[in-house]
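Student: Could we go through this structure together, one question at a time?

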Amino acid sequence: MRKAQYAMVIDSAKCIDCKACVVSCKVANGTPEGFSRNWIKASEPDFAAGAKPRTHFQPGACMHCEAPICVDACPTGATYKNADGIVMIDETLCIGCGNCIPACPYGARFRNPQKRTADKCNYCPERRAAGLLPACVDTCPTKARVFGDIMNPESDAARLLEQHKDHVVQVINQKSNTAPHMYYLASTAPVDWTHEAVMPASMATMTGVVDPVVKTLVGLSGLGVLVMLGRQLLSGHDSSHDSSHDSGPDVHTGSDVQAGQAHKQQTDKE
Amino acid sequence: MRMYKRHDRSDIFIHWFNAVCWFLLLVTGVGLIHNPALNPFGDAFPQVLRGMVGGGGNLLLVHEIIGVAWIFGFVGYILVNPRGAACFLREVFAVSPDRDMPWMFRKLVLMTLGEKALKAMGQPSALLPQGYYNMGQKGFGQVSVIGGIVIAVTGVIMLLSDVYFTADATVAVSWAVTLHYLAVGVVFAGLLVHIYMAAISPDERPGFRSMFTGSVPEEYAKHHHRLWYEREKARAADGE
């Protein structure tokens, strides 16, 4: 049962691309060089004659989606949507199969080269447990990033959303709409950087082919056993018992089956 | 009554060691699958099991430890009794289609639909004599050996994934997950029949007992494994 939905409400017009959020996230979470749990994307300025060239900066990270495809791609449930709405990774349960990484339309996930497991934003649980905000939110000098429980109307995030409810935008990939819980006020750019979620062929095969095959086989086998058991109980003994004590033709040895050296004959001591 | 030896002590040990490992690995393994599109026994089973051992990470660790022990158990068995292992493989994979396929078909129909159904199909109800293993046992043996190898190899790949594999090699890990599930599913389907035939069906009671004592009575050997019985008898006659 969902108790909360922690989310980020971002006024990207306030973002000055200082990258403090990216740096503080790296410090707080110890992400290895070349990897980051969050980002600031920039729109391309329009240099056409008569246009006003300007760049819009858009802070982002894992969007803790309502319908996270990464969760569908995880075979063990190491990636799961928590009761507080945060999409979490249980590092101890993650085997590093990499399925979840292409399944995110936002590229929010990476395989941590040190831990060799999946990694992404988890809204800094250690900081929140200590009564602090996530590192990126805490450090933002213009307060472009606002964090809170949008199911709690008293939270800053919920109030902002309510104030701007008629002009809130989400960055969505039309082919993979995961209903992200990352809200941008008024407008944001760029919006064309997402990619269609890719379910790895191995996982698609597991859920679409292997799973039905396995369940059918086990079902048939179980049914066969039940039928045999039913016959045994009804008839009081195995109906094939007599006929398996075959009176078939005496076939002498020396045919195709090799004698087993380990199987020596012994006589009963009695 | 004469008794015919079928299993060494190491054979008996590896059978029951394998049985215990398979049971524990199956239970913990099913508990490790948690995905809305899979969940073989529903959503609650993995949650309950994980709760019992203090989280999914611990369950994974338990599964890995038992899995490694299972592999080492087989390595140990092969070192202790290489001839027994080789003999098992030879017997299990020695299929004589002309004899074994009709046997398999007739036995299957007899066990499920009955003798009348078999006669209605125009088939005689007499079963052709079988060797050290009958075709049903061979079939399950083949599935277990091939499935077991797939399970062990894919298991080791998954075990090493977060120790050894880099991000661009995870395709192997991802396919290992799929193949592990497939192999376990196929072996488990066979295992249900194996457990019924060996432990529940009265037909194979002496065979079941031999998995503790190592030997079967002459009557049973003669009726169930005629070719093997004749071979053993001839060998005894030669020896005496």
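Predicted model: local features only at pLDDT ≥ 70, side-chain atom pairs only at ≥ 80, totals over all residues.

Tutor: Residues are numbered from 1 along each chain as its sequence is written, chains are lettered from A and ligands numbered from 1 in the order in which they are written, and side-chain values use heavy atoms, with hydrogens and water left out.

Student: How many helices and strands are there in chain B?

Tutor: Helices (H or I, at least four residues) and strands (E, at least two) are taken as DSSP runs, numbered from the N terminus. From that end the elements of chain B run β-α-α-α-α-α-α-α-α-α-β-α-α. The count is eleven helices and two strands.

Student: How many residue pairs are in polar contact between chain B and chain A?

Tutor: Contact (heavy atoms within 4.5 Å) takes 78 residues from chain B and 69 residues from chain A. A polar contact is a pair of N or O atoms within 3.5 Å; within protein, one must be able to donate a hydrogen and the other to accept it, and residues adjacent in sequence count only if both atoms are side-chain atoms. With both residues at pLDDT 80 or more, the number of pairs between chain B and chain A is 22.

Student: Which element gives the largest share of the side of chain B that touches chain A?

Tutor: Elements of chain B that give two or more residues to this side include β1 (3–5), α3 (56–80), α7 (135–161) and α8 (170–200). The largest share, 17 residues, comes from α8(B).

Student: Which element gives the most to the lining of the second largest pocket?

Tutor: A pocket is, on a 1 Å grid over the protein atoms alone, an open set of points where a 1.4 Å probe fits, with protein on both sides within 12 Å along at least five of seven lines, and lining residues have an atom within 4 Å of a point. The second largest pocket is lined by 37 residues, with B:L25, B:G29, B:H63, B:H180 and B:V184 nearest its centre. Eight residues of this lining come from the element that gives the most, α8(B).

Student: Where is A:P190 placed?

Tutor: The peptide bond from A:A189 to A:P190 is cis, with omega near -5°. Most peptide bonds are trans. The place of A:P190 is the loop between β10 (182–185) and α7 of chain A.

Student: Which loop holds A:A179?

Tutor: A:A179 is not a glycine, although its phi is positive, at about 50°. The loop that holds A:A179 is the one between β9 (168–169) and β10 of chain A.
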